[in-house]
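Have the model open beside you as you read.

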Amino acid sequence: MAAPVAASSPSLVDTLFQRSLDDLIRALRSSPSAAAEDAAIARALDEIRREIRSPDLDTKAVALQKLTYLSSLNFLDPSWAAFHTLELLPSPTLSHPRVGYLAAALSFHPSSTDLLPLATHQLRKHIAPSPSNPPALAAPALHLLALASSPDLANHLAPDLLPLLSSQAVSSPLRPKAVAAALRTLSVCPDAAPVLFKPLVDCLSSSDPRTASTAIGVFCELAVAAPDPSPYLPLAPEFYRLLVDCRNNWVLIKVLKIFARLAPLEPRLAGRILDPVCQLIRRSPAKSLVFECIRTVLTSLSDHDDAVRLAVDKAKEFLASDDDPNLRYLGLRALTMLGPVHSWAVEESREAVIRSLHDPDTNIRHEALCLVMGMLSDNNVVEICNLLIKYAMKSDPEFANEILDAVLMTCGRNLYELILDFDWYVSLLGEMVRNPHCAKGDEIERQLVDIGLRVRDARPELVRVARDLLIDPALLGNPFLCRVLSAAAWISGEYVEFSRNPLELIEALLQPRTNLLPSLVRAVYIQAVFKVTLFCFISFNEQMQAAELLSLGNSSNERQGNLEGPYLFAGKTSTDQNTAFEIDHCVATADKADSIEKKETLTHESISNLLHLIESAVGPLSECAEVEVQERARNVLGLIFNIRETQFWNIKAYHELTRDKKVTELVELMEATFSEDLGPVSTNAQKRVSLPEDLTLNENLSDISKILSDHDATCASISFSLRSHPSVETTEDFAPVAETNSLLAEHRKRHGLYYLPAEKDDIESNDYPLANEPLLSASHGDVTEDFMKLTAQSLNPRKAKPTKPRPMVIRLDEGDGVSSSNFKSIKESKDDLLSGAIRNVLLGNESKPSSSLKKSSDKTSRRRDNDVSDNSELVSEHQDNSTIGDKEHGQSSSRSRHHNHRHKEKNDSSGKNGSNEEKSHKHSTRSSRYHKHRQRGDPPSDIVPQAPVIILVLSIPFGWICFQEKNEFNLYPIIIGIASDQPVRSHWIRLDCLFGSVPFEDPTCN
Amino acid sequence: MIRAVIVMNTQGKPRLLKFYEFQPPEKQQELIRSVFAVLSERPDKVSNFVEADAIFGPGTRLVYKHLATLYFVFVFDNSENELAMLDLIQVFVETLDRCFKNVCELDIVFNFNKMHAILDEIIFGGLVLETSSEQVLKAAEEISRLEKSSSSISFVPKAVTGRFSR
């Protein structure tokens, strides 16, 4: 081991016996443990810190070498030594600057150190072509430039690259390196384009193959990275020459990459390269080149059927190569590249694709899965998904989840556009949960709730699936599935009317193992218990009334004696099931034929038992430390307390029931609470709430105290809180509610705009029913009619399915692409700088860039000032130009261009000018056309309404607060409104929609 | 362009790292860990490509070769060809093999500078410079010859330092 020699006294001995890099490596390798290695590293670092300050350059160099090694392979930050690195650069000994350059290349970057500009002069000296600079010195200097130059440094040193770039010496080893360094210079400093671009273009035709191949690499980088590759179009003849003449596969691959970007811009170019590319596919023995050709054809030349055919055949060959997984993988990738237009290609190799699902290679399985998902259509979605889910059951966890994910994503895409049979899809979701590896609980949860909200027809099946999930005690222990269970609980609570056996549901929701659930899910469970209990009670009440009607009718017909027995309450003989309240025919009379089955189990006794069960299960939770659980538990207990408070529960005979008004009131109140459907909420819903013109805040605020006092009374009267109101005043009458209602109606009339608009007078075309719009007077028929209209407008016309019509899926407008496109344009602005610079260079007007700039800005300003008609004139003019141009070039264009190029090679200046001019003309036409397109695509900005936007609506106990967007005084105006018993719910949902989520649990009982 | 060249052993210890897009040291460590996690999961005789979007950003892939105790990994984006990168790894390995006569992990461990010199002849600033291992070897040897002739570092007696280090 390295003894800590003279740790305290740096001396000559110390430098003499300095440990070399090899010694350091040996010391590290002989460390027995990781801790020992860390200690050795720390010791070495101390040593290095001392040595690197030495005036002796050899010592310094060795120290830096060791530091470089440690920092590179042990991830230490070497930035503290940046200055010492620079100190080594001027040394006359070749190895010193090389050590310095290596250290710098591995750790220098504008973001980590700002010292590099100090070495500007040194770099310049090293890259200057002179006999004293061997390539071994200039090369690392160029390398450092290629990796770490900042925009300023790049700008300063750009002229110094020129001699290297244009060096005519045969196979100068530095020329390709200078070309590579120029790439970095161009990309960090677009201003250097006028200086560097022409020499770079010349390098393309260099006789040195390395220079040419590096140069094409540079252009490939530039063209592939550019958001708009059109500035490189004028170079197409150069690239074409390489494509035809060059035999180097590396160069050809790069040329193909460039053409893949350029071909979509210029149809004639596509036609021109088609032939050589197909030749390469047929003839080349190099798989890499063939694959590149396939990629080029499939991505950029997919309009040419023959070529696509050829490429697909070749891809199939790849797919069939059993011994090489790489080729199989790439074959599948090639098929993935083909868009849905060419789905025939996938269909043809369907078998191979399906077989690949079983491949041991995860890559291949993944690509195959993508392809299979791409094949999905509404015709085969059922079979394929069933197959995949079954397959996922027996595959390894990772791939099982990949499959689940793919199925969920594909089926959920664009509001389940592939799904015709939602009953099937919902049960498929249920099946997914049964997968032992399923970790996609969150997405399944989302889709279950989402389908519940959007697809009315799927609700019965949804409730069935939810029930199956809830009663399975095995699922409760799986932490990945608790979200799904939460959705199931919510669904069974919200759509309990479809449940076949609500009592069973409550038992499932209260089973002992629910204590394994996280508290938030538990809260959802308890809220579901609340809803289900209420539903049972309401149904039971309806049965009573129906029975009463019937018994009254019967008694008048003197048949009371027959029926008397069954109508006796179970309270009399509570243990005897036979005397329980049988109501089959009564309900039938009450015109609820569909619900016979599920309600037949509801008896006075069963509900009593139920209440006991709930009390014993939920009771302990009323002291739960989790507020959500506690609050909801108390709500449930409050409800039961209220039910028990009514004399209804103690009556012995049926006829006493109707005398108790409170029962009816309670039932009506609670029924109203949950009667509204929860719907999906558009993310834009909040924006549509516009501000009324005549709003004066004072007026509103002056009403507040009155509203408040009114509302307090209401609150008290309907409160369930056991703690604050030990005996709930159910005897109090409900007059205040009515009063508040009238007040609210008044308010709604005056400030209707705050309420989600009921009329469809919105600017944005929003023909969808507003979520949670109170359906006070509208009958059910109206709603369906509305929905029918909706579907007709929003769903694409699809083939009529004779068997089963697709249920309607509520869809809200999705007009939120504006912000993202803005972001994109900002992101692209830097690249555009470079493109613009290159455009200028290639169009040959770098000598007078100001004039061209002026011209273009002139044009744009004119475009802005003038009205639309003028604009269109401008465009038509351009189109005329371009068609003329097309005619001129039409038949012999590429030949003439080619010719031009040859010409240029012979006598450079004159020919070049000519061809450039020709290209520039063509180019400007095109670019202006593109410009126009972009303009047309932009949303008309002046139409944006200037009204202040409400940015937040908060629900508060007696109403809501609405925050608007801040005004010119930087204030956020607030409007406070009241809410009646109903809209409280919808306002909460408005709040939800602000945070972009669907309403999950309703807080009605606050 | 090529984003990074990584040589690491089958225990995940890096042996040669070169990032053509700057990464701070902590980030490097994280990247190496994630790459190793991916590679060590993969069985033998499967394809050599891995989508690396999650590790190196969108559009990146990596190609690797598992040779003896080492992984050779090239990270690249969509301006490179997958199979060509695989060939390039072959060129790199071939050059090392020629240079060190049957290269093994130890050669790579103890020849930090030379490894970088060879790599810089093949890939320069993320661009492929040379694909003939013969040419690369020639250039690398020329450099070490020049370095030796001008250097005085090696004059420190090896034997002495050797004794101290043991």
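Is the crossing of α16(A) and α17(A) left-handed or right-handed? The crossing is left-handed. Please keep in mind that everything here comes from a predicted model.

Two packed helices are described by the angle between their axes and the distance between the axes.

| Helix pair | Angle between axes | Axis distance |
|---|---|---|
| α10(A) and α12(A) | about 10° | 8 Å |
| α16(A) and α17(A) | roughly 135° | within 9 Å |
| α17(A) and α18(A) | about 145° | 7 Å |

Let's begin with helix α16, residues 287–300 of chain A, and helix α17, residues 305–320 of chain A. Their axes cross at roughly 135°, and that makes α16(A) oblique to α17(A). On the α16(A) side you will find A:Lys287, A:Val290, A:Phe291, A:Ile294, A:Val297 and A:Leu298. They meet A:Ala307, A:Val308, A:Ala311, A:Val312, A:Lys314, A:Ala315 and A:Phe318 in α17(A). Sorted by class, this contact has 11 nonpolar residues, two charged ones and no polar ones.

Helix α17(A) also packs with helix α18, which covers residues 325–337 of chain A. This crossing is left-handed. From α17(A), the contact draws on A:Ala315, A:Phe318 and A:Leu319. From α18(A) come A:Leu327, A:Arg328, A:Leu330, A:Gly331, A:Leu332, A:Ala334 and A:Leu335. The residues divide into eight nonpolar, one polar and one charged.

The remaining pair is helix α10 (residues 174–188) and helix α12 (residues 209–225) of chain A. An angle of about 10° between them makes α10(A) roughly parallel to α12(A). Their crossing is right-handed. A:Arg175, A:Pro176, A:Val179, A:Ala180, A:Leu183 and A:Leu186 make the contact from α10(A). Their partners in α12(A) are A:Arg210, A:Thr211, A:Thr214, A:Ala215, A:Val218, A:Glu221 and A:Leu222. By class, the contact comprises eight nonpolar, two polar and three charged residues.

**Where chain B meets chain A**

Now for the interface. On the chain B side, 65 residues are in contact with 78 residues of chain A. About 6,100 Å² of area is buried between the two chains, and carbon and sulfur atoms give 61% of that. Within chain B, the residues that lose the most area to chain A are B:Phe22, B:Phe112 and B:Phe124, together 12% of what that side buries.

Over all chains, the structure holds 46 salt bridges, and across the interface of chain B and chain A the rule finds eight. One salt bridge links B:Glu51 with A:Arg333, where the closest N and O atoms are 2.7 Å apart. Another pairs A:Arg210 with B:Glu130, the closest N and O atoms being 2.9 Å apart. A:Arg210 lies in helix α12 of chain A and B:Glu130 in the loop between β7 (127–128) and α6 (133–150) of chain B, so this pair joins two chains.

Notes: Residues numbered from 1 in each chain as written. Chains lettered and ligands numbered in written order. Predicted model: local features only at pLDDT ≥ 70, side-chain atom pairs only at ≥ 80, totals over all residues. Heavy atoms only, no water. Axes fitted to C-alpha atoms, helices over the stretch in contact; angles between N-to-C directions. Helix = DSSP H or I, 4+ residues; strand = E, 2+ residues; numbered from the N terminus. Parallel < 35°, antiparallel > 145°, perpendicular 65-115°, else oblique. Left-handed = near helix turned anticlockwise from the far one by under 90°. Contact = heavy atoms within 4.5 Å. Nonpolar A, V, L, I, M, F, W, Y, C, P; charged D, E, K, R; others polar. Buried area = accessible area lost by both parts, 1.4 Å probe. Salt bridge = Lys/Arg side-chain N within 4 Å of Asp/Glu carboxyl O.
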